[in-house]
Amino acid sequence: MEAMLVDCVRNSLSHFVYKNAIFMCERLCAEFPSEVNLQLLATSYLQNNQAYSAYHLLKGTHMAQSRYLFALSCYQMDLLNEAESALSPLNEPGAEIPNGAAGHYLLGLIYKYTDRRKNAAQQFKQSLTLDPLLWAAYEELCILGAAEEPSAVFGEAATLSIQKQYMQQLPSSLGLNTYNDERNTTSAKNTSSEDYSPRQPKHTQGHGLKDISGNFHSHGLNGGVSNMSFYNTPSPVAAQLSGMAPPPLFRNFQPAVPNQNSLTTDNSPKSTVNSTIQAPAPRRKFVDEGKLRKISGRLFSDSGPRRSSRLSADSGANTNASVATVSGNGNNTSKYLGGSKLGSLGLRSVTLRKGNSWANENMDEGWVRGESFDDSRPNTASTTASMASSDAKSCDQEDEIMSQRITIGISEILSLLRTLGEGCRLSYMYKCQEALDTYMKLPHKHYNTGWVLSQVGKAHFELIDYLEAEKAFRLARQASPYSLEGMDIYSTVLYHLKEDMKLSYLAQELISTDRLAPQSWCAMGNCYSLQKDHETALKNFLRAVQLNPRFAYAHTLCGHEYATLEDFENGMKSYQNALRVDTRHYNAWYGLGMIYLRQEKLEFSEHHFRMAFLINPSSSVIMSYLGTALHALKRSEEALEIMEQAILADRKNPLPMYQKANILVCLERLDEALEVLEELKEYAPSESSVYALMGRIYKRRNMHDKAMLHFGLALDMKPPATDVAAIKAAMEKLHVPDEIDESP
């Protein structure tokens, strides 16, 4: 009954019928109360977005998997101190972090959001050491600015780690426990190499939370896809989804066993990157343990239906071997065959030809009665020996082929991750042009995916190349219409381009796709902000913050709207909240600098602009405002140096050239200022402030006709109302000597 309920719960989870999974798991826990069953119930709650239920259910538990699930529920409820205590108890400083790489990754996130960046980076690095394919950990390192070169992370050490991980995980998935290995080693010394020892296999053990179909009672709830599926080896999950009985883990369960003669061999597995669970295929039969020790590194596919399998054995075989026995109404008993220890890395499928039917039948009877089985009939050993010898030769060839496939598969994946990792690392270092060049090295099928195109769009956005950014994000939408990755930045791109119709359409699409995603409400807020409805925009941004308080960009957008509404106090709070989430979120440092600049708190302004500059040293906008703050602090020479850097960083950006001209005017270097403005007119021919500043320079030089001409040109370009008033005031005072209007 227990195994039947467990299988029902897993089946419901695998089909996303969470309500049924919770109901049946409650029945399971009521009938068979145990901490392992509580873990399954907690997982059902977590899958159903009921972290609070899992929290109360697992509070006070001590098993490793329980601690991990409890920490995960605490993390989702923003109880970070309790989550940390569950993963790394204070009274046990040397305790092992549960769930391996996934546990270290979760602890890294906790450290990150409690402002312990160095500890977070250590945990992310440790998770990558345990599992080099945990890309999320490397991306977090990039966000923290602590990522190593991808060649070091996804290099030779990663290859060896994957091989080691693969070899360690396969025995658990095939039932190669140490106890049975030792027993079989002893048996091999006392019997011929043709003897066979039935075993009960375990399910594949993974790393993440989402793999809910694994052997829950054998290993706790270990999620993720194991390395078997990585190489497209059939997985035991398929057998569970097929309606066949699961392994006989509990004495209460008595499944009916199908005819063992229906077993057939399956095809050899192929090594591919993205494997999917397919329909259950008949399971291969395996050669004996002794023979496999001579042929090292033999891996078995174990995805077929849980069918009865009996192998002939010699009279010297161990009669007390650990064998899982399930009987039901006098039917045949189901037993499971394991394999050997793993030698060199190799994925091999070994076919065992059937012995005589009398051997199977008599062995069944012997196992059912718990009696020793005496197979002393002649010719069996010699026949089996010749078969095993033939199988060994064919397996050697198959081993070499599969080893090559595995090596090639690992090499291809790590090569791909090195390219993606380098692009991601450069992006978060804000070396955007280098990142774009790196992404161009990707194969077309990977470049034209939603994630990569979104990263390309972000890089163009940071380069203030909004047209190219819009193009990249548009392609990303076409590649992944229902992905929200980067859509908050896309909406900001459309805001800067003043594409109100496109922005409105995007916002409506995102809201219809997912009303509970912060990106959707950021897009809606940008739409209202473009229409100058800042109060409604602020409400939308606050909704985004409410949906995900760890979404730094939503906090920053709130700060921008507060600053526009001149609510500087709340604006500063929003920017500070963004920095609590991500200390490298340079937009928030920039926002604080702008508020302090408007409040004429120049030292604070310069500090915050410099912090933003240290994070993003290639932003011409940040350099421009840093130069402005330095100029206001009477440090004009430093300001000019920064402005020169800003101009070199982006010649298309008119702001640093304009600010440089302003500084030169204040330094009475009027001719140089005019040269800069004449060059600037080519880049920004419709910028009214350029002509207004030229008018003030000509006025200063008593060239009243040219001054009036440029003031008139500035007014023709429809400047903001504040600029209109300043320009008209300058025109009225045109003949007043020594009068310079320093306002833009």
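Student: What percentage of the 744 residues in the chain is made up by buried residues?

Tutor: A residue is called buried under 20% relative accessible area, exposed over 50% and partly exposed in between, with a 1.4 Å probe and protein chains only. In this predicted model, buried residues make up 54% of the 744 residues in the chain. As to the conventions, residues are numbered from 1 along each chain as its sequence is written, and side-chain values use heavy atoms, with hydrogens and water left out. Since the model is predicted, local features need pLDDT of at least 70 and side-chain atom pairs count only at pLDDT 80 or more, whereas totals for chains, interfaces and linings use all residues.

Student: How much accessible surface does the chain have?

Tutor: Accessible areas come from the Shrake-Rupley method with a 1.4 Å probe, and for residues only the protein chains shown count as cover. For the chain the accessible surface is about 33,900 Å², and 51% of this belongs to carbon and sulfur atoms.

Student: How many helices and strands does the secondary structure of the chain contain?

Tutor: Both are DSSP runs numbered from the N terminus: helices are H or I with at least four residues, and strands are E with at least two. Here the chain has 37 helices and zero strands.

Student: What share of contacts in the chain joins residues at least 24 apart?

Tutor: Contact means heavy atoms within 4.5 Å. Taking contacts between residues at least 6 apart in sequence, 62% join residues at least 24 apart.

Student: How do the axes of helix 25 and helix 26 cross?

Tutor: Axes are lines fitted to C-alpha atoms, for helices over the stretch in contact, and the angles run from 0 to 180 degrees between N-to-C directions. Angles under 35 degrees count as roughly parallel, over 145 as roughly antiparallel, 65 to 115 as roughly perpendicular and the rest as oblique. The axes of helix 25 (residues 518-530) and helix 26 (residues 534-547) come within 8 Å and cross at roughly 170°. Helix 25 is therefore roughly antiparallel to helix 26. Helix 25 contributes P518, W521, C522, M524, G525, N526, Y528 and S529 to the contact, and helix 26 contributes H534, T536, A537, N540, F541, R543, A544 and L547.

Student: How do the residues of that contact divide into nonpolar, polar and charged?

Tutor: Ala, Val, Leu, Ile, Met, Phe, Trp, Tyr, Cys and Pro count as nonpolar, Asp, Glu, Lys and Arg as charged, and the others, Gly among them, as polar. The contact of helix 25 with helix 26 has nine nonpolar residues, six polar and one charged.

Student: How many disulfides does a search of the whole structure find?

Tutor: A disulfide is a covalent bond between the sulfur atoms of two cysteines. The criterion is a pair of cysteine sulfur atoms within 2.5 Å. The search of the whole structure finds zero disulfides. C25 is in no disulfide, and the nearest cysteine sulfur, that of C29, is 4.5 Å away. C25 counts as buried because its relative accessibility is 0%. C74 also counts as buried, at 0% relative accessibility.

Student: Which residues other than glycine have a positive phi, and where do they lie?

Tutor: Most residues other than glycine have a negative phi. One case here is I464, with phi near 60°. I464 is placed in the loop between helix 21 (450-462) and helix 22 (466-479), and its 28% relative accessibility makes it partly exposed. Another is K718, with phi near 55°. K718 lies in the loop between helix 36 (704-716) and helix 37 (721-732) and is exposed, with a relative accessible area of 75%.

Student: Where is L592 found, and what does L592 touch?

Tutor: L592 is found in helix 29 (residues 586-598) and is buried, with a relative accessible area of 2%. Not counting residues up to four places away in sequence, L592 touches M572, Y575, Q576, L579 and H608.

Student: Where is N448 found, and which residues are in contact with N448?

Tutor: N448 is in the loop between helix 20 (444-447) and helix 21, and counts as partly exposed at 44% relative accessibility. Leaving aside its neighbours within four places in sequence, N448 is in contact with L453 and A479. N448 and A476 are 28 residues apart along the chain, and their C-alpha atoms are separated by 7.6 Å.
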